[in-house]
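Dear colleague,

Please find below the structure that I am handing over to you. My notes on what was found in it follow directly after.

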Amino acid sequence: MTTITVDILDDKALNLLKGMEALKIIRIQDNNGKPQLSPTDFVAKYSGAMSKQSPEEIDKQLDDLRNESD
């Protein structure tokens, strides 16, 4: 395994790197050398964090939030 440092100049490049990480071609680490959450880890971490709601309930909550700012 070879380690290199890359300066990201555009978010498109970061999206490409994340895609390669999802394909298990590379591993992205933060500046401290710790691996970041892979997409599957992210899903597992937040799985079940929101309760299931009907679309009508969600629409009502969104309308309530929008009306609060008026």
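In this predicted model, glutamate 21 is buried but takes part in no salt bridge. The nearest side chain of opposite charge is that of arginine 27, at a distance of 6.8 Å. A salt bridge requires a side-chain nitrogen of Lys or Arg within 4 Å of a carboxyl oxygen of Asp or Glu. Glutamate 21 belongs to helix 1, and its side chain reaches the backbone nitrogen of isoleucine 28 at 3.3 Å.

A nonpolar patch on the surface is formed by Met20, Leu23, Ile25 and Ile26, which together have about 370 Å² of accessible area. Of these residues, isoleucine 25 is located in the loop between helix 1 (11–22) and helix 2 (39–46). Isoleucine 25 has a relative accessible area of 57% and is therefore exposed.

Side chains of opposite charge can pair when their charged atoms come close. Two salt bridges are present in the structure. One joins lysine 60 to aspartate 64, with 3.1 Å between the closest N and O atoms. Both residues lie in helix 3 (residues 55–68), four residues apart, or about one turn of the helix. Lysine 60 is exposed, at 52% relative accessibility, while aspartate 64 is partly exposed, at 36%.

Arginine 66 forms a salt bridge with aspartate 63, and here the closest N and O atoms are 3.4 Å apart. This pair also lies in helix 3, with a spacing of three residues, about one turn of the helix. Arginine 66 counts as exposed at 52% relative accessibility, and aspartate 63 as partly exposed at 39%.

Yours sincerely

Definitions and conventions:
Residues are numbered from 1 along each chain as its sequence is written. This is a predicted model: local features need pLDDT of at least 70, side-chain atom pairs count only at pLDDT 80 or more; totals for chains, interfaces and linings use all residues. Side-chain values use heavy atoms; hydrogens and water are left out. Patches are made of residues with over 30% relative accessible area and no salt bridge: like charges are joined within 9 Å, nonpolar side chains (Val, Leu, Ile, Met, Phe, Trp, Tyr) within 5 Å. Accessible areas come from the Shrake-Rupley method with a 1.4 Å probe; for residues, only the protein chains shown count as cover. Helices (H or I, at least four residues) and strands (E, at least two) are DSSP runs, numbered from the N terminus. Buried means under 20% relative accessible area, exposed over 50%, partly exposed in between (1.4 Å probe, protein chains only). Lys and Arg count as positive and Asp and Glu as negative; His and the chain ends are not counted. A polar contact is a pair of N or O atoms within 3.5 Å; within protein, one must be able to donate a hydrogen and the other to accept it, and residues adjacent in sequence count only if both atoms are side-chain atoms.
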